[in-house]
Amino acid sequence: MGPPLRRLLLLGEGNFSFSAALCGAQGTHVVATCYESEEEATGRAGAARSIRRLRDRGAEVLFSVDCTKLKEHFLPGEREFDRIYFNFPHCGRKAGVVKNRQLLARFFHSCTEVLAQEGEIHVALCNGQGGTPADQPRREWHNSWQIVAVAAGAGFILSEIHPFKAETVDGYKCTGYRSQDKSFCVEGALNHIFTRSTAPLCSTPVSCKTQLGSQKVSFQVPQVLVDKMNRGFLEENSNHPVRTIKEKLSAGLSQVFPLQNISSCLPLLHQGHPNGVCHSNIFWVSLSPGEAPSTEEMSQELANTALFSHFGQDTDQNVQEGCPVPKQFYLRPSLLPHAQAIIKKRAFSPGTLQVLSGPVFRKCRITPHSMPVFHEMLVVLAVSRGTENSCIHMLVDNIQTTMNSLHQGVSGVKPSISLQEATSLGAELNDFAALERQLGEIQHFLCVGTEPDPSGSCVGVIRTAPDELKSHELVVVSASLNLDLLAMLLCGISDWRMLWTLDRRFLRQFPEGELRLFKSFSLYPPSYVHDVSFWVPDGEEFDEVAFHTLARRVSAETVVSIQLRDNFQQPGTGRRSLCYRVTFQSCDRALGCQEAAEMQLHFRQEIQQHLGVTLR
């Protein structure tokens with residue numbers, strides 16, 4: 001028995017010439033329909049001939065089919081179509097853009113009930129009607145049919161767009177101009193191909209288990225991270241580009257240094273107060289009731305996971321002096337504490353490269369390259385004092401070689417790596433580099449650039465800890481790399497959120513871990529702009545990172561930009577008012593106008609409740 005037939009549904013056919021051209025293709029079953037009655041349809045020039053041709057080839061021809069009520073025209077077992085065509089939809093006569101938008105909206109909602117899960121919707125529109133950048137010339141947004149935003153309201157994303165070439169469709173003749181048996185101009189027309197989007201994220205609270213000391217504990221995952229815990233990007237069976245880059249870097253380094261991968265499960269949680277790191281950048285969590293470790297275990301955890309001693313010593317000092325241990329827990333913002341534990345236990349050989357990797361968590365502002373979670377690769381090496389600079393250059397040269405080999409496989413823009421003195425970068429630090437600086441003193445920034453910006457952005461930092469081993473002969477050198485930023489640069493991914501998408505079309509582009517230039521499956525996603533203004537509480541410093549984190553949580557990461565528009569101080573009272581412009585846009589799933597508006601209302605309520613502001 002052969003594969004099942006691909007079912008094609010054609011709507012709003014005028015003279016059925018397009019259906020007749022598709023009919024007869026091997027492995028397909030065509031259902032051709034029109035809105036008019038059979039008597040009206042057959043009166044069109046050439047329609048009767050096309051209908052006979054369709055029926056002779058085994059196609060179904062249906063009349064009086066309303067594209068906004070498709071479910072009513074097909075029995076339950078006949079509702080799954082692999083492809084739905086709607087060429088040049090129009091309300092008829094002199095209907096304006098608003099009525100045609102409404103027609104498309106009802107059409108897309110109707111398609112949700114008859115389209116197969118992996119099916120496609122093909123909508124051909126005349127030049128300029130769609131309102132996307134592919135239209136040339138492009139109409140003003142309010143004067144277009146806004147097809148991508150309309151489709152998003154029903155849960156569809158635009159996955160492809162290409163010219164509608166009427167001349168390549170054998171026998172096709174467009175008809176129906178203003179509901180008449182007249183043709184119309186299709187020069188510059190575009191075919192828009194829509195697919196189903198993944199569903200919105202569920203807001204149900206999620207718990208996660210992890211090791212803390214000698215005890216397994218559970219904690220509630222911060223809402224903004226529920227879809228990012230335990231994703232397994234670095235596991236053996238993963239073909240995620242983040243893992244591919246990590247494995248290639250490790251393989252390259254192993255040719256120069258003896259290498260040991262730290263494969264044991266590194267705890268996600270730390271306890272206490274992280275030194276040097278601004279508290280607003282930390283994801284604080286609460287353990288499930290009755291699961292807090294004993295004071296002795298927590299003290300040991302503090303001692304084992306203190307940051308490199310020259311990065312800050314207060315936490316370690318509290319343990320040594322027997323001070324009460326605060327029962328606060330937070331998701332690790334770095335793998336440095338785990339490297340510190342290895343160094344303290346002397347569980348390594350000088351000259352051997354220790355490689356640690358895993359996700360780390362940091363609250364940050366919203367930008368396309370600022371991520372609240374990313375995969376860190378930390379390499380640590382003890383070398384002879386006086387040789388640390390040559391060791392650093394060996395590390396960087398090796399990383400450059402690996403990056404060049406990866407670039408050849410991807411065939412993108414060739415990356416260039418530069419080692420920049422920490423003192424040479426100031427206000428232009430990206431969020432990754434700025435928080436790394438909070439973690440402790442940095443000697444060098446590792447920057448990767450591509451044309452037209454060869455200076456690049458920081459993807460790693462290099463530190464030396466001259467006194468860590470309390471040895472006159474050895475110095476510890478460490479390099480911390482942001483694997484997610486490297487994946488974005490190498491694969492041409494413009495938005496960090498795409499690395500975490502639940503849509504399987506992302507990983508399908510990287511079979512067996514092969515790195516390729518990424519091709520977006522969601523084109524021209526609609527954006528929705530809302531402003532919010534409020535009075536800041538008197539005498540308090542406004543926490544902008546908390547403001548951005550609330551936006552992330554409320555919008556399920558669909559806020560793509562937050563810009564300060566106005567900072568006003570009222571004369572006389574000194575009260576301060578801020579106005580922000582919030583832009584909602586999803587990079588991988590459908591986001592409709594109504595959903596964005598509801599998120600904005602929820603956001604206003606949340607900032608009032610959690611930040612104590614007074615809305616204006």
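The legends below describe close-up views of a predicted model.

Local features need pLDDT of at least 70, side-chain atom pairs count only at pLDDT 80 or more, and totals for chains, interfaces and linings use all residues. Residues are numbered from 1 along each chain as its sequence is written, and side-chain values use heavy atoms, with hydrogens and water left out.

**View 1**
The strands stand in the order 21-22-20-23, and their pairing is antiparallel. Strands (E, at least two residues) and helices (H or I, at least four) are DSSP runs numbered from the N terminus, and two strands pair if DSSP finds at least two bridges between them. Strand 21 (559-569) and strand 23 (614-615) stand at the edges with a single partner strand each, so one side of each has no neighbour in the sheet. Helix 13 (residues 544-555) packs on this sheet and touches strand 20 (528-535), strand 21 and strand 22. The direction of helix 13 makes about 140° with that of strand 21. Helix 14 (residues 593-611) lies across strand 20, strand 22 and strand 23, and runs at about 15° to strand 20. Contact here means heavy atoms within 4.5 Å. Axes are lines fitted to C-alpha atoms, for helices over the stretch in contact, and angles run from 0 to 180 degrees between N-to-C directions.

**View 2. Strand 22 and its partners.**
Strand 22 (residues 576-584) pairs with strand 21 in the antiparallel sense over nine bridges. Within this pairing, V559 has F584 of strand 22 as its bridge partner, and S561 stands opposite T583. The hairpin of strand 21 and strand 22 has six residues between the strands, and there G572 takes a positive phi near 90°. Strand 20 is joined to strand 22 by eight bridges, and the two run antiparallel. The bridge partner of F534 in strand 22 is L578. Seven of the nine residues of strand 22 are buried, so the strand is largely enclosed by the rest of the structure. Buried means under 20% relative accessible area, exposed over 50%, and partly exposed in between, with a 1.4 Å probe and protein chains only.

**View 3. The largest pocket.**
This pocket has a volume of about 1,200 Å³. A pocket is an open set of points on a 1 Å grid over the protein atoms alone, with protein on both sides within 12 Å along at least five of seven lines; a cavity is a set where a 1.4 Å probe fits but cannot get out, and lining residues have an atom within 4 Å of a point. Grid points are joined across faces, edges and corners, and a volume is the space filled by probe spheres set on the points. The lining of the largest pocket has 45 residues, and F88, P89, H90, C91 and G92 lie nearest the centre. Helix 4 gives the largest share, four residues. By class, the lining has 20 nonpolar, 14 polar and 11 charged residues. Ala, Val, Leu, Ile, Met, Phe, Trp, Tyr, Cys and Pro count as nonpolar, Asp, Glu, Lys and Arg as charged, and the others, Gly among them, as polar.

**View 4. The second largest cavity.**
There are six cavities of 30 Å³ or more. The second largest cavity has a volume of about 80 Å³, and its lining includes R362, H369, F374 and N482. Helix 11 (residues 431-439) gives the most to this lining, with three residues.
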